[in-house]
Amino acid sequence: MEINRRNFLTQSTFAASLPLIGFAPKVSSINSRLFSKINFGDIILFQGDSITDAGREKERELPNNSLSLGTGYSFLAAANLLKALPKHNLSIYNRGISGNKVYQLAERWEKDALELKPNWISIMIGVNDYWHKKNGYQGTVKIYENDLRNLLQQTLETLPNVKFILCEPFVLPGTTAVDESWVMPFSEYQSVAQKLAEEFNAIWVPFQEEFNLALKDAPPTYWAPDGVHPSVGGSQLMADLWLRTLENS
């Protein structure tokens, strides 16, 4: 028994001294091809309303922190980026706030965007700019366009090298909050967002198209029970599209 133990220890020591050829983890080599536009040390910021907020904590607001990132697509996308690029030293923030319209983003933009000096800003905003009109908000699609353009322009003046990711706001009729009467007027807000994505050379994430395709597999209430706020499955669908669009841009 002692001889066998000695042989085992000798063999183990010998094996440990060998170079780990063929045994190195393949995560880095596989994922080094992904997200090639993201650089070492990049700061990535998710901004928007409740869909981005997704119940995040708002006291510490830490990067790369599960509580600070919330429970929605931002957290899921961030988790995948941090897994795919472990050597990139990324800092990923979520500063979405429930209920926000574009002008409310502008009111807090210095603290919640510019001071962070992000390399990437992903913005999803617009549903409240339309939805809140049903409760007395006097905004128009033109106000939405002007406010969003001014916000993007202001950002470029302070952060001239920032890269924008503009996400299409979406609605799913046939749910508890959204019916077919939303579709035509809300499409004007979607068209504005896409136009500004082109104007500012931003990456465009077509969420409405992706959800429309998903309706072939499950009803709208499966993906977003109220037609605005995504379910767990809907959040994963969004994160997958966001990552795929970034990777292929």
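## Aromatic pairs

A search of the whole structure finds 14 aromatic pairs. Rings of Phe, Tyr and Trp (its six-membered ring) pair if their centres lie within 6.5 Å; planes under 30 degrees apart count as stacked, over 60 as edge-to-face and the rest as tilted. This is a predicted model: local features need pLDDT of at least 70, side-chain atom pairs count only at pLDDT 80 or more, and totals for chains, interfaces and linings use all residues. Residues are numbered from 1 along each chain as its sequence is written, and side-chain values use heavy atoms, with hydrogens and water left out.

Two of the pairs are listed here.

| Pair | Distance of centres | Angle of planes |
|---|---|---|
| Y130 and W182 | 5.3 Å | 65° |
| F170 and F207 | 6.4 Å | 70° |

Y130 and W182 are edge-to-face. Y130 lies in helix α8 (residues 127-131) and W182 in the loop between β4 and α10 (183-199), so the pair ties together parts that are 52 residues apart in sequence. Helices (H or I, at least four residues) and strands (E, at least two) are DSSP runs, numbered from the N terminus. Y130 is buried, at 8% relative accessible area. W182 is buried too, at 2%. Buried means under 20% relative accessible area, exposed over 50%, partly exposed in between (1.4 Å probe, protein chains only).

F170 and F207 are also edge-to-face. F170 sits in the loop between β4 and α10, and F207 in helix α11 (residues 207-214), so this pair links parts 37 residues apart in sequence. Both F170 and F207 are buried.

## Sheet and core

The protein has 13 helices and five strands. The five strands form an open, parallel sheet in the order β2-β1-β3-β4-β5. Its edge strands are β2 (91-94) and β5 (203-205). Two strands pair if DSSP finds at least two bridges between them. Strand β4 (residues 163-167) and β5 share three bridges. C167 has V205 as its bridge partner in β5.

Which residues touch the most other members of the largest nonpolar core? They are I38, L81, W242 and L246, in a core of 72 residues. Helix α13 gives the most to this core, with seven residues. A nonpolar core is a set of buried Ala, Val, Leu, Ile, Met, Phe, Trp, Tyr and Cys residues joined through side-chain atoms within 4.5 Å.
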